[in-house]
Amino acid sequence: MTGRPALDYTPHSETDVRELLEAVGAGSVEELFAEIPAAVRFADELHLPAGLSEAELMAELTRLAAADCPASGLVSFLGAGVYDHYVPAIVDAIVSRGEYLTAYTPYQPERSQGVLQSIFEYQSAICELTGMEVSNASMYDAGTALAEASFLAGGQTRRARVIVSEGVHPEYRQVLATESAGYGPRPETAPLAAGAATDLALLQGALGDDVAAVVLQQPNVFGALEDMAAAARLAHEAGALFVAVVDPVSLGLLAPPGEYRADIVVGEGQALGNPMSYGGPGLGFMAVTARLMRRLPGRLVGETVDAEGRRGFVLTLQTREQHIRREKATSNICSNHALNALAAVVYLSWLGKEGFPALAELCARRAAYLRERLLELPGVEAYTAGPVFREFVVRLPLPATRLVDALVPRGFLAGVPMSRFAGAFGAVAAETPSTGAPSTGAATSATAADPAAGGNAAAAALDDVLLLAVTEKRTREQIDAFVAAVAEVLAGHGEARGGSSVLSESGPAAEEADRA
Amino acid sequence: MAAESYPQDLKYYKEHDWVRLEGDEAVFGITWFAQDALGEIVYADLPDVGDTVTAGAPYGELESVKAVSDVFAPLSGEITDVNAVLEDEPQLVNEDCYGEGWILRVRLSDQAELESLMDAEAYQKFLAEA
Amino acid sequence: MPDGEMSTACREGILGREPRLTIFERSRPGRGAAATPALDVPDKPLDEVVPAALRRTRPARLPEVAEVDIVRHFTNLSALNYGVDNGAYPLGSCTMKYNPRVNERAATLEGFRGLHPYQPESLAQGALELLYTLEGWLCEIAGLARATLQPAAGAHGELTGLLLMRAAHEARGRAPRRIVIPDTAHGTNPASVIMAGYDPVAVSSDARGGVDMDRLREIVAEGDIAGLMLTNPSTLGLFEEHILEIAELVHGAGGLLYYDGANSNAVLGISRPGDMGFDIVHFNTHKTFSTPHGGGGPGAGPIVVGEELVPFLPVPTVEKRDDGTYYLDHDRPRSIGKVRTFYGNVGVLVRAYAYIRALGPDGLRRVSERAVLNANYVLAGLRDLFDVPFERRCMHEFVVSATPLREHGVRAMDVAKRLLDHGVHPPTTYFPLIVDEALMVEPTETESRESLDRIVEAFRTVAREAAEDPEMVCAAPHTLPVRRLDEASAARKPVVRQRFPEDEGAAAS
């Protein structure tokens, strides 16, 4: 007996095919494609590997997955937008249900009440976290949500510039810049001051009646806590909107953007019950004040009643969207990250009113502890002034990438070397007045005359800067072991100065051999 | 919803607007045909008092659940009043399009434009041919 | 929250069963699910960690619910939903095919789902190999040179493709403004054109449902052509017979051709967009390559391009070294930049990889053959009941018009709602815009003959009911958890978040 040669998800037998062909009046399958001009018919066979059985397929994918050494399996202090929080079992159980997983967009509300209500609950949870009045049904990620925020602000104010703090994640800013190539306000950056918080004096100087929005991130990419209320005031005095980019988990502890009068709030929602998945899919969240609701891009679910007065939920204000307004739509977005939003609302329900702030507080306390312990080590210096939430930077006595490489064999992912964002800091908008050399510890702001030189200086200044994040998965035991390992590496580095470096011998490659 | 009608005392414009002339001012609204084509109106995006409108140019939008339609000014002038009730009850445009569902009051700037309007018979003929 | 107050938010039970409550309304003070790991670092006043001035003054009002009640809440909600796992889903343009469960298993391998985007590349070689390989496969299927897997959805792919087009024109020293789009196009096309800073120009369709070539020649002759976006087969389910002529015309005017891959399920291994003359192609992995729609996303919208556009692809690209290792190349000076944070919806791309790998070239071709066969079979079953606007061989989907039912006062929307009662997910309605009372049906290749027969039978029953009892049809659905929902009220007075009793009080005072 011979079984099927490879996976085939089409049910028909050869007999079925024959009978269906007969029913449609075609002599052969070929005939079905007769309308395709011969010149564009593909005569060859696709050069792809032959199909597999399920067992063979899983063997191949398991091989690929095993060639990775996921952060989730190490003691990881990686963050910068994606965080290794614990994802509870019930999230996986709910989001893998076929009724959610395999449904389309809820365009037929009477048969889609499950997804619709879950999105309504997600929107409500985001509103509660952010202190805003309206949240959309979610977007792709924080970067694209930031671009949408800029477009919204441009449409609302009819102004031409948007000023973005250099404290906003460099990748979010890059996405904004790319997507603003031909549309929306022109993005410019506002530099950071000593302590790595946004320089509000320079920001104020850059404001004018052509500024649509001011964007700051809380906590910013250096982990510094910004004076969001003051920045919002400056923006509003200039007639601009204030856009807050926030870490949702921080909102368990930190003031919600609604309290400091943000007009638009965006952020990366991966941390809310979604796996890291190499950076996607997570979700971009976006919330606004009530007066901006009709300019909000993306889907929105509203409550209503049915013909008999029963409660139900529908997609609402759809006239904003591309399938109706086409070229006049608020955005081209035609989907949301519904399944990730479902994960987020299940996760937030699981944590609950008391658990969510408790989790945030635990992260903050452990981060503060790790920061204190690291700063006790000789040669490790504070980089940001003031308190932090669960993420912070330190200046090391050696290049941060070398510390990271040295600690991988010991099972630690020490953090994100800020040098990977080299070039993202110091490019000050030409209009912004320069204050000359920054104070120690500040991200360097370039002079208007020579931004490139400033940028290079900033890049060099970041080589020894490491960004570390602490989630609730990191125990004190792990933190203490990590600090001890850092101390050893630093000591080795001190001894090795001028001589042969012990560090150069251990790298990720050696580590993989160790683990194998 | 009211039955189809096209009052004799009104003038009509090809974009399915009606005009009620009152001295040097005029009241604008949309016709029964227009509101029927649009369906249940859920939102009216209207200009402010003091703004000017230009004959043939859109001055606002009416939205139903699944459609958006520009509303065109049949005549030019300065807006002296906007039907603020439509903000909360846009469905008045469906329920009483020639009465409580009026949209704008405008001080006309060019009486010559009146020539371009149709009377009720001409408009109904225009509908029948369209 | 006291019981009495929350019950005001709930009107009535679903079909007389349990009241329809939100998770917030199930909240009771002092309940909860998660335990917080113990504080194992030295305790100190919270003010010394984060000063009070920076902290929130009241907690977010998240639900206080026991775990079992969360599970039941979302499980019961799922029963009010409908997916491909439940039954046929012939929603035109959406390719609601079976989503293989093995793909889900693959995506949840810790080696993929546990990866952090900033972990050293040496520790992510498996994922990078997967992305690199998948890119190659998509290039082969499209018949073009290179790809980016970063766009998060089809619409996002469109925007990315148009930004690539912009960069290519700039490199040629041109700045044309107009993008031609057929009147049958998805709404995302014109919306994406605007977001890329271009002007959309609509070209009408001819009597056979294809691009009106005379009109296209006129538009092209007017000049300033940046490009053309085309879905092929079109949203009418018809193959564009003049595609080579169109490509020649647009290329001749200096324009580039963008292939909206929404309907790729019809042509896998049968006709390649690159061979049709397209320069940029997007695929919707959640349509063509079986990744689940998830109730609206996440999807992925990879872009494949020809040689001229390769230098402009978003950063980073995935590259292979001579020693067989993989890396991310961020150093591409002519790149348009980043279109998405990190590298794309990798979790979705793993599923697409698993699908293509499982089927191979024979399997992919069979997908398209059977998708087209099934669509033709359903069309044959409906031909006598509805108007068929274009009498041609349909591809993977078809559009019919419900205008014959209008004499009974029954509209396409009513047909859709009544189909729900018969256990079939309705087709796409009122699209494309050029067909009056359009019903757009795409059965997909994964429906069995019995399932196809059920779809046909459901349509036929509704058509009969429309004649016999139109009022009943117009009031459908009758058997679902809710009756027809009042979308007008929802839009007039939007309630888009949970309302709490204390907020109502504040609003009233």
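1. The side chains of Asp247(A) and Arg390(A) form a salt bridge, with N and O 2.2 Å apart. A salt bridge here is a side-chain nitrogen of Lys or Arg within 4 Å of a carboxyl oxygen of Asp or Glu. Between domain 1 and domain 2 of chain A the count is one salt bridge. The model is predicted: local features need pLDDT of at least 70, side-chain atom pairs count only at pLDDT 80 or more, and totals for chains, interfaces and linings use all residues. Residues are numbered from 1 along each chain as its sequence is written, chains are lettered from A and ligands numbered from 1 in the order in which they are written, and side-chain values use heavy atoms, without hydrogens and water.

2. In chain A, the domain assignment gives domain 1 as 75-86 + 359-515 and domain 2 as 90-347; such bounds come from an automatic or database domain assignment. The contact (heavy atoms within 4.5 Å) takes 41 residues from domain 1 of chain A and 35 residues from domain 2 of chain A.

3. Domain 1 and domain 2 of chain A bury about 3000 Å² between them, 65% of it on carbon and sulfur atoms. Buried area is the accessible area (1.4 Å probe) that two parts lose on being put together, summed over both. On the domain 1 side, Val82(A), Phe389(A) and Phe425(A) lose the most area to domain 2 of chain A, together 17% of what that side buries.

4. Four residue pairs, both members at pLDDT 80 or more, are in polar contact across the interface of domain 1 and domain 2 of chain A. A polar contact is a pair of N or O atoms within 3.5 Å; within protein, one must be able to donate a hydrogen and the other to accept it, and residues adjacent in sequence count only if both atoms are side-chain atoms. On the side of domain 1 of chain A that touches domain 2 of chain A, α12 (338-375) and β12 (391-395) of chain A each supply at least two residues. α12(A) gives the most to that side, with four residues.

5. Chain C has 18 helices and 12 strands. These are DSSP runs numbered from the N terminus, helices being H or I of at least four residues and strands E of at least two. The C-alpha trace of chain C spans about 70 × 70 × 45 Å along its principal axes.

6. Between chain C and chain A, 205 residues of chain C are in contact with 200 residues of chain A. The two chains bury about 17600 Å² between them, 61% of it on carbon and sulfur atoms. Arg56(C), Tyr118(C) and Met195(C) supply 5% of the area that chain C buries against chain A, more than any other three residues.

7. The interface of chain C and chain A has 18 salt bridges by the rule. One of them joins the side chains of Arg61(C) and Glu128(A) at 2.8 Å, N to O. Helix α13 (residues 346-382) of chain C provides the largest share of the side of chain C that touches chain A, 26 residues.

8. Nine residues of chain B are in contact with six residues of chain C. Chain B and chain C bury about 610 Å² between them, carbon and sulfur atoms giving 49%. The count between these chains is two salt bridges. Arg492(C) forms a salt bridge with Glu40(B), the closest N and O atoms being 4.0 Å apart.
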